[in-house]
Amino acid sequence: MEIRKRHFLSFIIISVLSGAIYINSIGNEFVFDDLFQVVENYDIRGFQNITKILGVGKEWLRYRPVREISYCIDYTFSGLKPTAYHISNIIYHTLSSFLLYLILINITNNFTVSIFGAVLFATHPIHTEAVTYITGRKDVLSGMFFLMGFYFFILLRKSGDKKYIFFTFLSYVLGFFTKESVIILPALFFIYDFFFVADRKIKNLEKHKYFYLLFSAIACLFAFSAVYRYEFSVKGYSAVLSYPSGNVYTNILTVIRIWVFYIKQLLLPIILNADYSFNAFPVARSLFEFNSFISVILIIFVFYFIRKHSDDRIIIFSASWFFITLIPVSRIIPHHEMVAERFLY
């Protein structure tokens, strides 16, 4: 089958399945933070407010301006009726799933594996919160830009065409200003280069040093921007960022428990929960707690499995992707939400 026809068929399959899975969410109402982010947010009511959202003039740049602009688009179509907002989430999710397909086909060169992986992503129950929750837009939309940036990066490496640097950069900027966890994307660039381009030899990456200097500088600016905007936009109504267990040792145990919990939810998404506040996911207090001890054993087993298959570039790259992308939301860096299923997006 011709490559373009195969890609088109894949897009149709992914679109139909994504739509079929989430079509029942279109009639849902605004819930929880949707009231604050959309219903009571007068700045999304018209494109004339975009300059205000972007911080032009005397205004502050909003905490997640790209998400707010996406709400402006939805408001244009349906005002304060939630229909367009839900449809947009489904569209962004469909595009994310197709981008994942394109990434997989470029990495594996295997159509069956790629379409299966994309369909699994498109239909996995763990994404229910992110896709059906309008405020979860930040995870779906930033995930789309994240995958878009990585796809353009692969095209850059395969074609050598410098125009893809611009598209990679643009995706990175749009993703970060949708949700800050996208800051980790350059680490995935490096991991891809290390395993698929440089044959695991750092010296083979020297020719790309200016690319990494550029994106490292951007990441540092983004980190400063995130802290600065948090101070002015979020801190007033968000929890204090600190380790709830009180020290680094118990926080590490809590992080391990979070990792194991996320792996379990990916493999057995039987019980889903939209809210893990109020101690729904208790912090670790000691290694000798049952949950802490079992989690440490399981993580050791996971890393042992990865080590045993370290000669397989796809396995080691995929495992690296999983753990690296969890860094911003695993409590390694203090965060006001300990656990949320939408973080797995």
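Biologist: Which residues lie nearest the centre of the second largest pocket?
Modeller: F121, L266, S318, W321 and F322. They are among the 44 residues that line this pocket. Keep in mind that this is a predicted model.

Biologist: What volume does that pocket have?
Modeller: About 1600 Å³.

Biologist: Which helix gives the largest share of the lining?
Modeller: Helix α14 does, with 10 residues. Helices that each supply at least two lining residues include α5 (83–108), α6 (111–123) and α8 (137–159). So do α12 (248–267), α13 (290–308) and α14 (313–326).

Biologist: How many of the lining residues are nonpolar, polar and charged?
Modeller: The lining has 32 nonpolar residues, 9 polar ones and 3 charged ones.

Biologist: Where is I294, and is it buried or partly exposed?
Modeller: I294 sits in helix α13. It counts as partly exposed because its relative accessibility is 33%.

Biologist: Change of topic. How many salt bridges does the structure hold?
Modeller: The structure holds 9. One of them pairs E180 with R64, with the closest N and O atoms 2.7 Å apart.

Biologist: Which parts of the chain does that pair link?
Modeller: Distant ones, 116 residues apart. E180 is in the loop between α9 (163–176) and α10 (185–197). R64 is in the loop between α3 (50–53) and α4 (65–78).

Biologist: Are E180 and R64 buried or exposed?
Modeller: Both E180 and R64 are buried.

Biologist: And what about K163 and D161?
Modeller: Their side chains form a salt bridge, at 3.8 Å from N to O. K163 is partly exposed because its relative accessibility is 44%. D161 is partly exposed too, at 32%.

Biologist: Which residue does R257 pair with?
Modeller: R257 meets E289 in a salt bridge, at 3.2 Å from N to O. R257 lies in helix α12 and E289 in the loop between α12 and α13, so the bridge ties together parts 32 residues apart in sequence.

Terms used:
Residues numbered from 1 in each chain as written. Predicted model: local features only at pLDDT ≥ 70, side-chain atom pairs only at ≥ 80, totals over all residues. Heavy atoms only, no water. 1 Å grid on protein atoms, 1.4 Å probe; cavity = no way out; pocket = protein on both sides within 12 Å on 5 of 7 lines; lining within 4 Å. Points joined across faces, edges and corners; volume = space filled by probe spheres on them. Helix = DSSP H or I, 4+ residues; strand = E, 2+ residues; numbered from the N terminus. Nonpolar A, V, L, I, M, F, W, Y, C, P; charged D, E, K, R; others polar. Buried < 20%, exposed > 50% of the residue type's maximum accessible area, 1.4 Å probe, protein only. Salt bridge = Lys/Arg side-chain N within 4 Å of Asp/Glu carboxyl O.
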